[in-house]
Amino acid sequence: MPGAATVDFYLGLGSRYSYLAASQVDRIEKTHGCRFVWKPIASGALMDRRGGNPFRGEPLSGQYDWGYREYDAKCWADYYGIAFREPVAFRTDPAMLALACLAAETQGALVPCCHMLQRLIFVDGVAIDDTVLAGLAKPLGLDAEAFHRDLQAPQTRARHERLLDEAKGRGVFGVPTFFLGDRMFWGNDRLVLLEAALART
């Protein structure tokens, strides 16, 4: 859509709030005639890079308590009218989820891959491991050999590192984070502010 506003969307595949926010992207694009650019990253790696990861050790405040986060996510899912299941622990390096989406990007399937992983994690309750990741190619209609090669390729990992550096350089401290120009909006609950800004664009 020529001349459409562009929203950069930094998301974590294992992030409850990224999943919730992602469920609203199609609606927002249609309502405001904008385009979201999906940028999957390993959010834990970003927090470690910035220092002071709030998810390591005991919760620093109530908002990081696991029980509260599950309750809050279920409230938002009910509000949006979407399914939500508390995720089970990953059985692979969490960074591999972002790498899988970036590998799918080479075949034009970045967004479908993000959606599929989020559905597996937050709807189907699948424990994500290397076998699950390798099996994404078929339902996404990808060349499985090329997908496996790109998943393991140094350039895919380098692309992820660049996205982490880019996010850190723009002041991103968590996911989901959205940018409309140089205006930053952090969190699923800031979508209302993003939409207000888009309405004025």
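What follows is a walk through the helix packing of this predicted model and through a few of its individual residues. Residues are numbered from 1 along each chain as its sequence is written. Because the model is predicted, local features need pLDDT of at least 70 and side-chain atom pairs count only at pLDDT 80 or more, whereas totals for chains, interfaces and linings use all residues, and side-chain values use heavy atoms, with hydrogens and water left out.

Helix α6 covers residues 110–122, and its 13 residues should span 18 Å at 1.5 Å a residue, which agrees with the 18 Å between its end C-alpha atoms; the expected span is 1.5 Å times one less than the number of residues. Its buried residues are Leu110, Cys113, Cys114, Met116, Leu117, Gln118, Leu120, Ile121 and Phe122, where buried means under 20% relative accessible area, exposed means over 50% and partly exposed lies in between, with a 1.4 Å probe and protein chains only. The elements that cover these buried residues include β1, α1, β2, α5, α7 and α8.

Of these, α5 packs against α6 at an angle of about 150 degrees, with the axes 7 Å apart; axes are lines fitted to C-alpha atoms, for helices over the stretch in contact, and angles run from 0 to 180 degrees between N-to-C directions. In this contact (heavy atoms within 4.5 Å), Leu97, Ala100, Cys101, Leu102, Ala104 and Glu105 of α5 meet Leu110, Cys113, Cys114, Leu117 and Ile121 of α6. By class, the contact has 10 nonpolar residues, no polar ones and one charged residue; Ala, Val, Leu, Ile, Met, Phe, Trp, Tyr, Cys and Pro count as nonpolar, Asp, Glu, Lys and Arg as charged, and the others, Gly among them, as polar.

Helix α5 also meets helix α10 (residues 154–169), where the axes come within 9 Å and cross at roughly 110 degrees. That angle makes α5 roughly perpendicular to α10, a term for 65 to 115 degrees, while angles under 35 count as roughly parallel, over 145 as roughly antiparallel and the rest as oblique. The α5 side of the contact includes Ala95, Met96 and Leu99, and the α10 side includes Arg157, His160 and Leu163. This contact has seven nonpolar, two polar and three charged residues.

Elsewhere, α2 (residues 25–32) and α11 (residues 191–200) pack at about 20 degrees with their axes 10 Å apart, which makes α2 roughly parallel to α11. Arg27, Ile28 and His32 of α2 meet Leu191, Glu195, Leu198 and Ala199 of α11, a set that divides into four nonpolar, one polar and two charged residues.

Although Arg85 and Gly125 are 40 residues apart in sequence, their C-alpha atoms are 6.4 Å apart, and Arg85 touches Ile121, Phe122, Val123, Asp124 and Gly125, not counting residues up to four places away in sequence.

Phe185, in strand β4 (residues 183–186), is buried, with a relative accessible area of 6%. Beyond its neighbours within four places in sequence, Phe185 is in contact with residues including Pro176, Phe178, Leu193 and Ala197. Pro176 itself is in the loop between α10 and β3, and the peptide bond from Val175 to Pro176 is cis, with omega near 0 degrees. Most peptide bonds are trans.

Technical notes: Helix = DSSP H or I, 4+ residues; strand = E, 2+ residues; numbered from the N terminus.
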